[in-house]
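Reader: Please take a close look at a single part for me. I want the interface between two chains, with the cut-offs spelled out. How many residues of chain A are in contact with chain B, and how many of chain B with chain A?

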Amino acid sequence: MTSRDRCDDEPEKGKGKKNVTDDASVSWRKRKKHFFVLSHSGKPIYSRYGAEHKLAGFTATLQAIISYVENGGDNIRFVRAGKHQVVFLVKGPIYLVCISCTEEPDDALRGQLELLHGQMLVILTKSIDRCFEKNKKFDMTPLLGGTEAVFSSLIHSFSWNPATFLHAYTCLPLAFSTRQAAGAILQDVVDSGVLFAMLMCKHKVVSLVGAQKASLHPDDMLLLSNFILSTKSFRTSESFSPICLPRYNPMAFLHAYVHYLEVDSYLVLLSINSDDFYHLKDCRIQIESVLVNSNVLGEVQKSVQDGGLHVEDVPVDSSLRSDSPSPHPGQGRAALASRIGGPAGLWHFIYRSINLDQYVSSELSSPLNSSRLQKELYRAYQKLYVSMHDRQIGPHKTQFRRDESYVLLCWITPDFELYAAFDPLADKALAIKICNRVCQWVRDLENEIFLFGGSPFSW
Amino acid sequence: MATSGNNSINAKLVLLGDMGAGKSSLVFRFVKGQFLEFQESTIGAAFFSQTLALNDATVKFEIWDTAGQERYHSLAPMYYRGAAAAIIVYDITSTESFERAKKWVQELQKQGNPNMVTALAGNKADLEDKRKVALEAKNCGAPVQEAHTYAEENGLFFKETSAKTATNVNEIFHEIAKRLPRAQPAQHPAGVVLTDRAAEHSRTSACCT
Amino acid sequence: MASRRRMLLKVIILGDSGVGKTSLMNQYVNKKFSNQYKATIGADFLTKEIQFEDRLFTLQIWDTAGQERFQSLGVAFYRGADCCVLVYDVNVMKSFENLNNWREEFLIQASPSDPENFPFVVLGNKIDIDNGNSRVVSEKKARAWCASKGNIPYFETSAKEGFNVEAAFQCIAKIALKNEPEDEIYLPDTIDVAGNRQHRSSSGCGC
């Protein structure tokens, strides 16, 4: 999904909003989804809304609640209070809390808190915990200076980016040979002593190569690309910044060379050496030259313009076309209802390859063309995901669900997962057939939509 | 280090200073001739090249615009190691940024290249009405910051600059260029130790910005 | 306008129930509505911003319940405290005698790195009751105890003369400024270039 339009939890611009709000403010209390980070002493570290220091009393309350339960030999996980859910996550001396009335599953919210913590580690590393051990009064907030945009962008992505709950990454569709060309030069660079080399277009991967035995977890990729995309200073020239990949090594900094090649296409080269800048700069020059000569950048632009997969293009035989006379009674209405979207009223799908840790998601189009509808669908997928992976009663294999908004189908096998949304009047049998077609279609196109031959991701 | 061949000098220059002092704005003004009212915080460090022609030489600056945030302080030596020049930037409307600048001066004196050409830039000179850091000591009871005096005492040359109005921006880089030692033996820029890449490096550094 | 970074101070208010901690704090902080957590989790929480010299301070005030059933929460509640305010009622001798227990219990549970020098402040409350005729703890006696415990600053106050509460917190800010640690540099681990082994920073990290 690529919804970036103005919506309920769109990040507010600038710090001006933070000047006046505290927990007595009605507008603050009315926000649908809050995130708080505080220290084990109750001192505020980060708040999505409001000025942190003005919320000191509020974060003290949160710490007291956590402590009160801990004191009783238990650990608080979540609280339901009317329409609100309060989810708690304790990570050593750092406490994270989400207060939401979005009706997202608690597990989903907890996963978001994990990512929020991970984002902090990207910026500071887990060595920060030692500071709290040494000094319980430690005030971490100043160390996060200048990163407001990184956190608000991450939180915003919880409402549109499937990677945040699928824990997989997605590629920009490209001809196999084009991606190979990019991969080859990145491989050369990695062979010269670079840990990871990534060529990205927004949050989609063009190519990615890692050194032998080095694997990159999709969560680290998500946090890294969020960090880079939300940091405007990276766009001005070449940048060299320490970053941490929490799943690779949470305690230490790696050093990232970042350079934008086009408006939204950027190169990231990660090194373990803090003095590797000139080497990485040279690598970039080589890479850029190859990409230009083999027209990779041109192909990337074209792919961005074409958009990705469209549900209207799902190949079907004529009996399933909505505009052909349908042989079965009762399908007439479904056929009529699905004049927009794909066959049998298919509106959208997400296909996730389990072996590759990658997913592909179709473009959002009519009738899902408002940000509100897109966000609702995204939330529905998230609920579907959680219900299918429920550790207590799952895992499940298939789910079919119909309500006034959609028909949702979910199918999980050892090799892949498919999530699909149809018109609410869609015929069940037809929808299942179309899902099969989608899976076949994705397999037919796999050389263009997935990255093959990357380092095996093992963690 | 400054390296030279013929009349051309390569000089690594680092900007240090408190966050919000205006380092990026100064660089932006010097390199691109522009000013943005709302400059975003620098993360890590941004690298720029800019060439400046003098009467007797051409100076190619390799500029490191470092982030002012505390979390990067331990990495600062990587940026100022082997630098031929440094500009320490403070904001004339903030005494804290001036205090921070003084700490940078001390650090460079202790750990930096002893031959470094160091400049102190009092930025945001256009905000005269909000000034907190004075140029000269005044004879009033309250403690007053004395930037010019401090610079003199510490062997820095000093300019009040405004990235916004472009006041003294080119001048400060110009003055640094003039003070750079000439005819140094060519050396590898800091950080490149791979001998087999040395030849490649000098080739590429001639044709890219 | 203060130019330097704002400091956040965690302040614990201790004392027997009934000495007037909550009224004092509510009056000082001027909250429009009062929180009612004390009975359930053992403390109420208030935020107050003050300025001292050219610095801004945010006070995170933990107005704790006096009851024993919340005693075991001390370790968590007192963690990271910057200062502790001991309150007693000048008309109730027991509340003054208990100051010693409160102080000791606090030092045990908070275990600050430098207990000898941990900042305390004592407030003698309700000096105006009955025009001072019910008073049983003299100012002299109170000051003597404070002096014996490392020269703890002492203030007297009442519901009407709330200004001394202000003075007490200004004093807290002053002590905090004096004790403000030098900015230490944050030093995360680095990865060893040669063998991909990790070096742990031997010098302190920024805390």
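Author: Helices (H or I, at least four residues) and strands (E, at least two) are DSSP runs, numbered from the N terminus. On that basis, chain B reads β-β-α-β-β-α-β-α-β-α-β-α-α along its sequence. That gives six helices and seven strands.

This is a predicted model, in which local features need pLDDT of at least 70 and side-chain atom pairs count only at pLDDT 80 or more, while totals for chains, interfaces and linings use all residues. Residues are numbered from 1 along each chain as its sequence is written, chains are lettered from A and ligands numbered from 1 in the order written, and side-chain values use heavy atoms, leaving out hydrogens and water.

First, the partner chain. Chain B has 209 residues, and 53% of them are buried (under 20% relative accessible area; exposed is over 50%, partly exposed in between; 1.4 Å probe, protein chains only). Take its contacts (heavy atoms within 4.5 Å) with a separation of 6 or more: 70% of them come from residues 24 or more positions apart.

Now the interface. In answer to your question, 30 residues of chain A are in contact with 30 residues of chain B. The two chains bury about 2600 Å² between them (accessible area lost on being put together, 1.4 Å probe, summed over both). Carbon and sulfur atoms carry 60% of that area.

What about polar links? Between chains A and B, 10 residue pairs are in polar contact, both at pLDDT 80 or more. Such a contact is a pair of N or O atoms within 3.5 Å; within protein, one must be able to donate a hydrogen and the other to accept it, and residues adjacent in sequence count only if both atoms are side-chain atoms. The count of salt bridges between the chains (a side-chain nitrogen of Lys or Arg within 4 Å of a carboxyl oxygen of Asp or Glu) is zero.

On the chain A side, the elements giving two or more residues are α3 (106-124), β8 (238-243) and α9 (277-293). The largest share, seven residues, comes from α9(A). By class, this side has 12 nonpolar, 13 polar and five charged residues. Ala, Val, Leu, Ile, Met, Phe, Trp, Tyr, Cys and Pro count as nonpolar, Asp, Glu, Lys and Arg as charged, and the others, Gly among them, as polar.
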